[in-house]
Amino acid sequence: MPMIAMRYVTPTPRPELSSQIAALAARLGAETLGKDPGVTAVLVEPADPQNWFIAGKRPTDAGLSAFWLDITITAGTNTKGETTAFVSAAYEGMRALLGPLHEECYVHVHAADGDAYGYGGRTQNGRWAAAHPG
C-alpha cells in the first residue's frame, strides 16, 4: 500500500505525462517491490520550470528534465536489493518518459514503521494482526 509522490519538470509542457508517470510508478512498485497496485496511491505534480534549480541553474535551460519520487512503504517488507532495483528502474523509466535527465534526480524510499503507517484508519501492523489472530 505505498503512497508515491512524483514531481517533475520538463523543458516543454507535456500534459499527457501525468497519467504515464502514475502508471509507471504503480507498475514499478508492483514489479520491483511486490506492492499491490489495488492499494497503491500516486500523486503526480508537474513543477514550474522557473522554480526548479540544481546547483543554482534550471535544468530546463540546458534542455534537461528532472524529477523527484518519494515512496512510502512499510518497514521490513522489502530487501535492500529490491529497493535498489526500484531506484534504478525509476530513473530509467523516467528517462524513457521525459527524455534527457539531469543526473540530480532523486528517488526516496521511506520505510515507515508498521505502527506509524496505514490507510483506511488502520495501521499496517493492525492489519497484519487482524489477518493473523493468535
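**Exercise 1. Which residue forms a salt bridge with R7, and how far apart are the closest N and O atoms?**

Ground rules come before the solution. This is a predicted model, numbered from 1 along each chain as its sequence is written; local features need pLDDT of at least 70, side-chain atom pairs count only at pLDDT 80 or more, and totals for chains, interfaces and linings use all residues. Side-chain values use heavy atoms, with hydrogens and water left out.

*Solution.* 

Step 1. Apply the criterion: a side-chain nitrogen of Lys or Arg within 4 Å of a carboxyl oxygen of Asp or Glu.

Step 2. Read off the partner. R7 pairs with E45, and the closest N and O atoms are 3.2 Å apart.

Step 3. E45 is in strand 2 and R7 is in strand 1, so the bridge links distant parts of the chain, 38 residues apart. Strands here are DSSP runs of E with at least two residues, helices are runs of H or I with at least four, and both are numbered from the N terminus.

Step 4. Check exposure. Buried means under 20% relative accessible area, exposed means over 50%, and partly exposed lies in between (1.4 Å probe, protein chains only). E45 is partly exposed at 31%. R7 is partly exposed at 30%.

**Exercise 2. Search the whole structure for salt bridges, then describe the pairs R27 with E31 and R58 with D61.**

*Solution.* 

Step 1. The search of the whole structure returns five salt bridges.

Step 2. Take R27 and E31. Their side chains meet at 3.0 Å, N to O. Both residues lie in helix 1, four residues apart, about one turn of the helix. R27 is partly exposed at 42% relative accessibility, while E31 is exposed at 55%.

Step 3. Take R58 and D61. Their N to O distance is 3.9 Å. R58 is partly exposed at 25%, and D61 is exposed at 60%.

**Exercise 3. Characterise helix 1: its span, its buried residues and what covers them.**

*Solution.* 

Step 1. Get the span. Helix 1 covers residues 17-33, 17 residues in total, and reaches 23 Å from first C-alpha to last. The expected span is 1.5 Å times one less than the number of residues.

Step 2. List the buried residues. They are L17, I21, L24, A25, A26, L28, G29, T32 and L33.

Step 3. Find the cover. It includes strand 1 (3-9), strand 2 (41-46), strand 3 (66-74) and helix 2 (80-98).

Step 4. Look past the end. G34 follows helix 1, and its phi is positive, near 70°.

**Exercise 4. Trace the surroundings of T32 and N78.**

*Solution.* 

Step 1. Start with T32 in helix 1. T32 is buried at 18% relative accessibility. Its side chain reaches the backbone oxygen of L28 at 2.6 Å. This is a polar contact: a pair of N or O atoms within 3.5 Å, where, within protein, one must be able to donate a hydrogen and the other to accept it, and residues adjacent in sequence count only if both atoms are side-chain atoms.

Step 2. Not counting residues up to four places away in sequence, T32 touches E82, A85, F86 and A89.

Step 3. Move to N78, in the loop between strand 3 and helix 2. N78 is buried at 17%.

Step 4. Follow its side chain. The N78 side chain reaches the backbone oxygen of L33 at 2.8 Å. A polar contact of 3.2 Å joins it to the side chain of T77.

Step 5. Leaving aside neighbours within four places in sequence, N78 is in contact with L33, K35, I73 and T83.

**Exercise 5. Which members of the largest nonpolar core touch the most other members?**

*Solution.* 

Step 1. Define the set: buried Ala, Val, Leu, Ile, Met, Phe, Trp, Tyr and Cys residues joined through side-chain atoms within 4.5 Å.

Step 2. Of the 27 residues, M6, Y8, I21, F67, L69, M94 and L98 touch the most others.

Step 3. Assign elements. Strand 1, helix 1, strand 3 and helix 2 each give two or more residues to this core. Helix 1 gives the most, with six.

Step 4. Inspect F67. Beyond four places in sequence, its contacts include M6, Y8, W52, M94 and L98.

Definitions and conventions
Contact means heavy atoms within 4.5 Å.
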